[in-house]
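Subject: Structure handover

Hi,

Here is the structure for you to look through. My notes follow below it.

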Amino acid sequence: MTRTRIHNLSMSLDGFATGVGQAPDAPFGHAGHRLHEWMIATRFGAPIVGREGGTAGVDNAFAQQHEPGIGAEIMGAGKFGPPGWQDDADWRGWWGPNPPFHTPTFVLTHRPRSPIEMAGGTTFHFLDASPAEALDVAREAAAGQDVRIGGGPTVARDFIAAGLVDHVHLVQVPIVLGRGVRLWDGLEALEADYDIEAVSTPSGVTHLTFTRS
Ligand SMILES: NC(=O)c1ccc[n+]([C@@H]2O[C@H](COP(=O)([O-])OP(=O)(O)OC[C@H]3O[C@@H](n4cnc5c(N)ncnc54)[C@H](OP(=O)(O)O)[C@@H]3O)[C@@H](O)[C@H]2O)c1
């Protein structure tokens with residue numbers, strides 16, 4: 001049985017998984033890179049921002065779980081680009097020619113367009129579909145492997161609320177953003193459906209895993 005997984009979803013102490021004011025040079029708005037500094041510091045995360053090296057400790061052990069066994073990703077329009085990207089025929093995402101997904105990647109949007117094939121195995125497909133319908137399509141594309149829900153927080157929340165997610169890895173970062181998009185709204189009593197573990201690491205973040213009971 002394949003699973004639906006979320007990895008490395010980072011949020012502030014006040015529950016925001018992104019800030020406000022997204023722009024082509026500000027994927028997380030006023031949050032800057034503060035939500036992901038823990039990950040960029042790791043061996044897994046450093047190459048994503050063009051750096052070498054990185055730590056190989058507990059943060060890295062969690063971060064690298066993002067990849068193994070994943071055959072497709074689903075993301076929201078807000079992860080794929082800043083507000084209005086649908087009006088830019090040349091917008092191909094924030095990640096350059098070789099995005100860090102390396103699988104079919106389904107972008108949920110009310111304004112779909114033709115697929116875009118990128119280097120490194122990522123093809124962006126654009127879908128206007130319910131979470132359950134999108135998951136069916138992504139599962140088919142994943143060919144027996146798991147599907148990752150890549151965020152942002154709106155899409156992650158929608159899939160969790162619909163009961164479609166088997167494993168969630170959240171990272172609570174010790175910053176207070178004050179504004180942005182919250183993950184938790186509408187997910188009251190979520191803990192009843194999952195086994196939960198937490199571990200804090202020397203970098204100051206707390207990794208939380210929610211695994212379906
Ligand atoms: N903290 C983290 O770890 C993390 C991870 C990933 C992303 N992010 C950040 O989170 C932000 C994006 O998150 P977000 O919550 O603003 O947006 P999002 O979840 O990426 O996307 C939400 C948008 O996707 C489209 N959509 C969602 N469900 C749909 C459906 N069923 N059918 C058709 N379209 C659908 C809608 O856009 P339209 O109506 O415009 O089509 C909706 O407004 C970005 O700043 C990104 O960098 C953070």
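First, a term: a residue is buried if 20 or more other C-beta atoms lie within 10 Å of its own, exposed if 12 or fewer, and partly exposed in between, with C-beta atoms placed from the backbone. Helices (H or I, at least four residues) and strands (E, at least two) are DSSP runs, numbered from the N terminus.

Two points on the source. This is a predicted model: local features need pLDDT of at least 70, side-chain atom pairs count only at pLDDT 80 or more, and totals for chains, interfaces and linings use all residues. Residues are numbered from 1 along each chain as its sequence is written.

Helix H4

Start with H4. Its buried residues are Pro131, Ala134, Leu135, Ala138 and Ala142. Seen down the axis of H4, these buried residues fall within an arc of 100°, so they line one face of the helix. That arc is taken over the directions from the helix axis to the C-beta atoms. On the face turned away from the buried side sit the exposed residues Ala132, Glu133 and Glu140.

H4 covers residues 131-142, twelve residues in total. From first C-alpha to last, H4 reaches 16 Å, close to the 16 Å expected at 1.5 Å a residue. The expected span is 1.5 Å times one less than the number of residues.

What does the buried side of H4 pack against? The partners are strands E1 (4-12), E3 (70-76), E4 (104-108), E6 (123-127) and E7 (146-149), plus helix H5 (153-161). Contact here means that the C-beta atoms of two residues, placed from the backbone, lie within 7 Å.

Alanine 143 follows H4. It lies in the loop between H4 and E7. Alanine 143 counts as exposed because it has 11 C-beta neighbours inside 10 Å.

The sheet

Nine strands form an open sheet with mixed pairing. The order is E5-E6-E4-E3-E7-E1-E8-E11-E10. The edge strands are E5 (116-117) and E10 (194-200), and each pairs on one side only. Two strands pair if DSSP finds at least two bridges between them. Strands of a sheet pair through backbone hydrogen bonds, either parallel or antiparallel.

E1 is mostly covered, with eight of its nine residues buried. E1 pairs with E7 in the parallel sense over two bridges. There, arginine 5 has arginine 148 as its bridge partner. E1 also pairs with E8 (residues 167-173), again parallel, over six bridges. Serine 12 is bridged to valine 173 in E8, and methionine 11 to glutamine 172.

E8 pairs with E11 (residues 206-212) in the antiparallel sense over six bridges.

Look at asparagine 8, in strand E1. Its phi is positive, about 60°, although it is not a glycine. Asparagine 8 is buried because 24 other C-beta atoms lie within 10 Å.

Glycine 151 and glycine 152 are joined by a cis peptide bond, with omega about 0°. Glycine 152 lies in the loop between E7 and H5. In H5, Pro153, Val155, Ala156, Arg157, Phe159 and Ile160 are buried. Just after H5, glycine 163 takes a positive phi of about 75°.

Phenylalanine 80 lies in helix H3. It is buried because it has 23 other C-beta atoms within 10 Å. Leaving aside neighbours within four places in sequence, phenylalanine 80 contacts Met75, Trp85, Gly93 and Val107. Phenylalanine 80 and glycine 151 are 71 residues apart in sequence but 9.6 Å apart in space, C-alpha to C-alpha.

Best wishes
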